[in-house]
Amino acid sequence: MLFRSEDCAAIVTRGQCTGIPRAVQNTGIHAPALTRLSVGAAAEMTDAGIRTVLRSCRKLRSLEVTDGGGELMGLDWGGVGRDADVPTLQHLRLARCGHLRALRLTAPMLRSMAATDCDALRDLALAPSTVVGDEASIDGASIDGASIDGAMTELRELTLGGFGGYRAGGGCNVPGNALADIVARCANLSFLSVPASCGAGLSDEEIAEIWSAALAGCASSLETLCFQVPVTTTALLLIVSGRAGEFPGLETLSVAMRVAAGGDGEPPIDAGNV
């Protein structure tokens with residue numbers, strides 16, 4: 001399968017033919033005008049293939065990869081030790097890519113990003129331009145691993161976590177502080193899904209403090225919040241009524257509640273299936 005037409009703007013593949021993703025990852029060489037690439041059943045897609053597409057298709061606006069295999073890990077998509085530079089990318093969706101470890105993008109036009117049921121994902125970084133340091137902060141609190149500075153003003157939807165109720169995995173392992181730093185820079189966010197991993201090793205008080213601060217910047221624009229971190233009713237109230245203030249446009253709130261020790265609470269629920 002070769003795509004040599006300079007006028008080719010979209011490629012969408014589905015099905016279990018392993019040769020399709022293997023050929024598609026070379027399309028950047030033959031389709032420089034490509035604006036949309038959607039690859040399903042992508043067990044043969046590799047980091048090198050993604051790197052080829054991103055380098056060659058400088059007009060790419062939409063990228064979707066589902067069911068990636070062991071060679072799709074998100075490493076060096078921009079070259080050795082470099083984040084992927086995708087100046088025109090507006091929509092990114094990765095689903096059920098079980099070996100995906102990292103997702104690091106410089107994407108000034110990004111409007112929606114989803115990485116769902118990607119259990120190995122831990123390193124997430126989004127920037128509108130350049131990386132400026134080794135640390136960032138929310139209200140002066142240092143955030144390890146958050147090396148990004150700059151507002152993501154175009155980002156409207158950010159979806160992470162587990163959405164397959166039949167699976168044992170948590171959907172991703174992105175630390176809460178790293179994701180909170182990104183959310184704090186998204187003033188126009190309307191849809192947000194926070195994975196359960198964002199509560200790992202943190203007390204209810206710490207979770208409430210981090211997310212109350214992070215949500216403050218997008219409180220006026222947020223319409224849907226799916227909070228997969230199990231929290232008590234008290235912690236939830238602190239999150240939605242703390243520094244974030246009121247959420248005038250919030251239409252849907254889905255939360256994984258848990259019972260407080262020695263107190264009243266709701267039974268655990270799967271936020272991804274609400």
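Start with strand S4 and strand S6 (residues 102-106): they run parallel and are joined by two bridges. Strands here are DSSP runs of E with at least two residues, helices are runs of H or I with at least four, and both are numbered from the N terminus. Two strands pair if DSSP finds at least two bridges between them.

Before you go on, note that this is a predicted model, where local features need pLDDT of at least 70, side-chain atom pairs count only at pLDDT 80 or more, and totals for chains, interfaces and linings use all residues. Residues are numbered from 1 along each chain as its sequence is written, and side-chain values use heavy atoms, with hydrogens and water left out.

**Stop 1**

Select Ala84. Opposite Ala84 stands Leu105 in S6. The three strands form an open sheet in the order S4-S6-S8, with parallel pairing. Strand S4 (84-85) and strand S8 (123-127) stand at the edges with a single partner strand each, so one side of each has no neighbour in the sheet.

Next, select Asp117. Asp117 lies in the loop between strand S7 (112-116) and S8. Its phi is near 55 degrees, a positive value in a residue other than glycine. Most residues other than glycine have a negative phi. Is Asp117 buried or exposed? Asp117 is buried, with a relative accessible area of 8%. Buried means under 20% relative accessible area, exposed over 50%, and partly exposed in between (1.4 Å probe, protein chains only).

**Stop 2: the nine-stranded sheet**

Select the strands S1-S2-S3-S5-S7-S11-S12-S13-S14. In that order they form an open sheet with parallel pairing. Which strands are at the edges? They are strand S1 (10-13) and strand S14 (252-257), and each pairs on one side only. Ignoring direction, neighbouring strands of this sheet are turned by 10 degrees against each other on average.

Go to S1. Four bridges join S1 to S2, and the two run parallel. Ile11 has Leu37 in S2 as its bridge partner.

Two loop residues come next. Ala31 sits in the loop between helix H2 (27-30) and strand S2 (36-39). Ala31 is buried, with a relative accessible area of 0%. Asp7 is 24 residues away along the chain, yet the C-alpha atoms of Ala31 and Asp7 are separated by 7.3 Å. Then pick Ala41, in the loop between S2 and helix H3 (47-56). Ala41 has a positive phi of about 50 degrees, although it is not a glycine.

Now select S13. Four bridges join strand S12 (residues 191-194) to S13, running parallel. Leu192 stands opposite Leu225 in S13. Seven of the eight residues of strand S13 (residues 224-231) are buried, so the strand is largely enclosed by the rest of the structure.

**Stop 3: a helix pair**

Select helix H4 (residues 176-183) and helix H5 (residues 204-215). They pack at an angle of about 20 degrees, with their axes 8 Å apart. Axes are lines fitted to C-alpha atoms, for helices over the stretch in contact, and angles run from 0 to 180 degrees between N-to-C directions. H4 and H5 are therefore roughly parallel to each other (angles under 35 degrees count as roughly parallel). The contact (heavy atoms within 4.5 Å) includes Leu179 and Val183 of H4 and Trp211 and Leu215 of H5.

Notes
Parallel < 35°, antiparallel > 145°, perpendicular 65-115°, else oblique.
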